[in-house]
Amino acid sequence: MEFRVLGSVEVVDDRGAKLPVSAPMLRALLAALVLRQGQPAAPEELADRLWGPSLPANVRTTLRNYVMRLRRVLSDERIRTEPGGYLLAAESEETDLGRFRALVRRSGELPSEDISEAALLLREALGLWRGVPLADLPDLPLRTTEQPRLEELRLSAAEECYALELALGRHFALVDELSATAREHRLRERLTRLLMLALHRCGRTAEALAVYQEARRELVAELAIEPGSETRALEQAILRDDPRLAVRGQPEPSAPQNTVRPRPSFPPVPSSFVGREVELASLGAQMIVDGTAPSVCLIDGPGGVGKSALAVRAAHEVADRFPDGLYYVDLRGSDPQRAPFTVHDALHLLMTDLGVPAHEQPAGTSQAVERYHAELAERRVLLVLDNALDAAQVAPLLPRRPGNAALVTSRVLLPGMVQAHHFHLDMLSSAEAVALVRTVSGRTADRADRAHWEELVALCGRLPLALRIVATRLASRPRWKAADWVELLRDERGRLAELVTSDLDARASLLLSIDQLAKGDADDQRAAALFPLLGTAAITGFSAETAAALGASTITEARTALERLTDAQITSSPRPGSHRLHDLVRAAAVAQAAELPSESVRAGLERLARWYLGGLHQLDVLLPRLRHGKAKRDPARRLEGRAFETVEAASAWVESSFDDIIALTWQLAGPEYDEASPVLAGFPLEVCRTLENYFTLTLSWRHQERLCEVLLQVAERRGDVWGRAVALSQLGKLAGQQEQGERGVRLLREARAIFAERGDQAEEVSARNNLIPCLVLSGRLEEAVREGWQLYTDLRAAPEPGRSLPSAAANLARCLRMQGRRQEATDLLTEAYDSLHLDYHLAGIVAAVLAECHLEEGAWQKAAYWAEKGLGHLSEFLFDPFHAAGLYTSMSTALRRLGRPDEARTAHARASRLLVELNEREAAAMSVRLRAAKPDSEAAYGASAEVAEAVDLVPEGT
């Protein structure tokens, strides 16, 4: 198991899978224990680090609950209770911070002559950092205190690493990275000195002196001090060109330490290379010259991701290992204007660089291959074969003899390369992307504008090619702010048109792979034709079924097309059967989609909408029918979609598809679809109605609120009174569940009036029932009781009240309990329970309220009986962890009072385990009850239970 804090807080098991530590405070507790690794943390210390002065009401109980939840994720033996507090049982090497410190320590303990090994150890240590430490923690004392300390550890190690690498004469390879780091931390004088020295050794003395002047201005402006004596002394040494500034043993300060110089055709180190420390370290480790076999590294990734820059930078870093030189050829596999090189073309260029005269080079390809390898046989060289088209083009060029090496870049995977090492290059991190733009543009860091910088690089997809284009345009428009560029690039349809300079074009680079597919076989051509169709819908994830819907093809054809797009690095595949478009690639697809006939676009969107609605209806069919009188089960409303055999499978699909469902809802809520077909125009309303059962059972408040807000906007624009009422009714129920009583009352009364006017009795009853808990939350208990009795009386008189009657009885009974009228509440609930036959879900909830009534009366045996009955009913339907947790809590309290502590602890543990599965916000009310019912607590149940009463009332549909 590995515990990570040098970036976002994560736990990875032995198989490399991340464990679900999703709640922010759980991650904070884990981080606090990791940072105290090997030492117990006292509860008082943990409370101070997690909450500071704003402690929760019962801090020890709250902390114990968090520890218990964390143990559920990690296992009990990982978090021990020691005399001094809680201890994370993990070896130092099981944490990224422990490994970082060990590597730094090992580097410092090496003899002074082992500079190269010391630098490698520090590079490995720095490669453990994944971004800003503790980046995903909320604003709490732990992050405020520890984040600067951890950043200082990283910067100190980076400074030492840079100093060692400068001593090794790697100033050419280091200067860009050092420049970016120094710009980010302008007040660190050691970084300033290191950058000045690197620039001077590269022959860029004027820039070195400019760095000094800029640093001096910053120090005076920010701290009102002059640079330190070491910095001033270095400036004077540079001014007089002191020979002692050269690398020891070098004749000229600006020359590389090793005597190996790239051939004239070999590209220079990129002038603004940023980040990629981990990738550089990995490539460097593979470029080891030994006597067994040549070293070959294959770097693949999408267009514009920086493969060529990485390969060239890596080659320069290991140049001293190849005394016979570095050789480069662009194979043109990614050139939109020039045809790819043939093998013979590439051989001609390489042999010319190797010194073979043109008239001595064989005319036949096979003979040229043999002559080429004969030239390499007695040399130790590193080849960079850039932009390979396919394996057939590059295989004859790879070295055969030990002592040689090759770095190959390609947009596609190159199969069949025996003993080659494969490296997939992904986008830059957000921090690296911002650093690249600032380095190229010369802009300084502005903490107040951080959000705009991060959004800017996100709009560029964190793709180096696009970032360089934006940075170049930023540099030419110094008065423009990051916010101005964000506003310009937010329009997805015109984004790529802005990412063009005189010599760089992001769109041409991205679409080259599509053009190549269009010239391939039938499957490739179908993939190229599918690409613009993927830009017609707002969704970002695609399966074979959704692609088939958009393209009017078979599922098999669509699956093959998606796989071809992924092989060409146009889409990515995070898991089997799932494909995604990178942000900029998606912008290219959207731009191409705008050129498609509108009729075919709408036809594809309608097929896609039908597919999603079909899947949602099938989920609804599998759920218990929660509301009486709803017409949602009409077979005519079931559309085509994914088939599910179990409710678990259907709900897992919905959970994984929510972002796309919401995105498609937003798209089809646009005014251009107001007069579209019923499927497209009615999509927002249909989604909200179809998912209401699911939302009621899972308490997925955030998703339901977003969808209902969209529906409300659409209904108000279209004048759809009934659709508006549906949105208001669901939003009102949500407000009650989130303890916003006044808002709930307002929304539900408005919805109720509309339903009453339209004669929709089922929806009116639903709004009236949900109004009761909102009135309680608003402090209007008497009014809630009056509303409850009126609803109960009306339903008793109805010919077919269905499950609305026992639901209303449960709400009314809870209100009566709060007035102290327990016997009336119990009678009401008993009658409601007896009326339920096969409605296991509602029977379980009524039994839960009966258990609570008997707890308040001190009738522990009866309370345990009803809690057990409720759990038995819910076991027929294992989809409602919230109410099951409540029943286990009641069971725990009753059993403890009956003198059965072991069984009480078991019930309490089960309640806690279920709560872990719920979102913290959604489980807040239940946590109040859980603390009150904890087996080792002597607090009475009633006082804390009253706090939770209002939010435990039963909404219509529960």
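In the protein chain, among contacts with a separation of 6 or more, 69% are between residues 24 or more positions apart, a contact being heavy atoms within 4.5 Å. This is a predicted model, so local features need pLDDT of at least 70 and side-chain atom pairs count only at pLDDT 80 or more, while totals for chains, interfaces and linings use all residues. Residues are numbered from 1 along each chain as its sequence is written, and side-chain values use heavy atoms, with hydrogens and water left out.

The chain has 958 residues, and 55% of them count as buried. Buried is under 20% relative accessible area, exposed is over 50%, and partly exposed is in between, with a 1.4 Å probe and protein chains only. There are 43 helices and twelve strands. Those are DSSP runs numbered from the N terminus: H or I of at least four residues for helices, E of at least two for strands.

Two strands pair if DSSP finds at least two bridges between them.

Now strand 7, residues 382-388. Five bridges join strand 7 to strand 8, residues 405-410, and the two run parallel. Strand 6 and strand 7 also run parallel, again with five bridges. Leu 383 in strand 7 stands opposite Tyr 327, and the bridge partner of Leu 383 in strand 8 is Ala 406. For Leu 382, the bridge partner in strand 8 is Ala 405. How many residues of strand 7 are buried? Seven of its seven, so strand 7 is mostly covered.

Next, a helix pair. Helix 16, residues 430-441, and helix 17, residues 450-459, have axes that come within 9 Å and cross at roughly 95°. The two helices are therefore roughly perpendicular. On our scale, under 35 degrees is roughly parallel, over 145 roughly antiparallel, 65 to 115 roughly perpendicular, and the rest oblique. From helix 16, Ser 430, Ala 433, Val 434, Val 437 and Arg 438 meet Trp 453, Glu 454 and Val 457 of helix 17. By class, that contact has five nonpolar, one polar and two charged residues. Nonpolar covers Ala, Val, Leu, Ile, Met, Phe, Trp, Tyr, Cys and Pro; charged covers Asp, Glu, Lys and Arg; the others, Gly among them, are polar.

On to the aromatics. Rings of Phe, Tyr and Trp (its six-membered ring) pair if their centres lie within 6.5 Å; planes under 30 degrees apart are stacked, over 60 edge-to-face, and the rest tilted. By this rule there are ten aromatic pairs. Trp 611 and Trp 653 form an edge-to-face pair, 5.7 Å centre to centre with 85° between the planes. This pair links distant parts of the chain, since Trp 611 is in helix 26 (residues 598-622) and Trp 653 is in helix 27 (residues 647-668), 42 residues apart. Trp 611 and Trp 653 are both buried. Phe 644 and Trp 653 have ring centres 5.5 Å apart and planes at 40°, so that pair is tilted. Phe 644 is buried, as is Trp 653. Together, Trp 611, Tyr 612, Phe 644 and Trp 653 form one aromatic cluster.

Last, backbone angles. Most residues other than glycine have a negative phi. Arg 332 has a positive phi, near 65°, and its place is in the loop between strand 6 and helix 13. Is Arg 332 buried, partly exposed or exposed? Its relative accessibility is 21%, so Arg 332 counts as partly exposed. Ala 552 has a positive phi of about 55° and lies in the loop between helix 23 (544-551) and helix 24 (555-567). Ala 552 is exposed, at a relative accessible area of 55%.

Note on methods:
Axes are lines fitted to C-alpha atoms, for helices over the stretch in contact, and angles run from 0 to 180 degrees between N-to-C directions.
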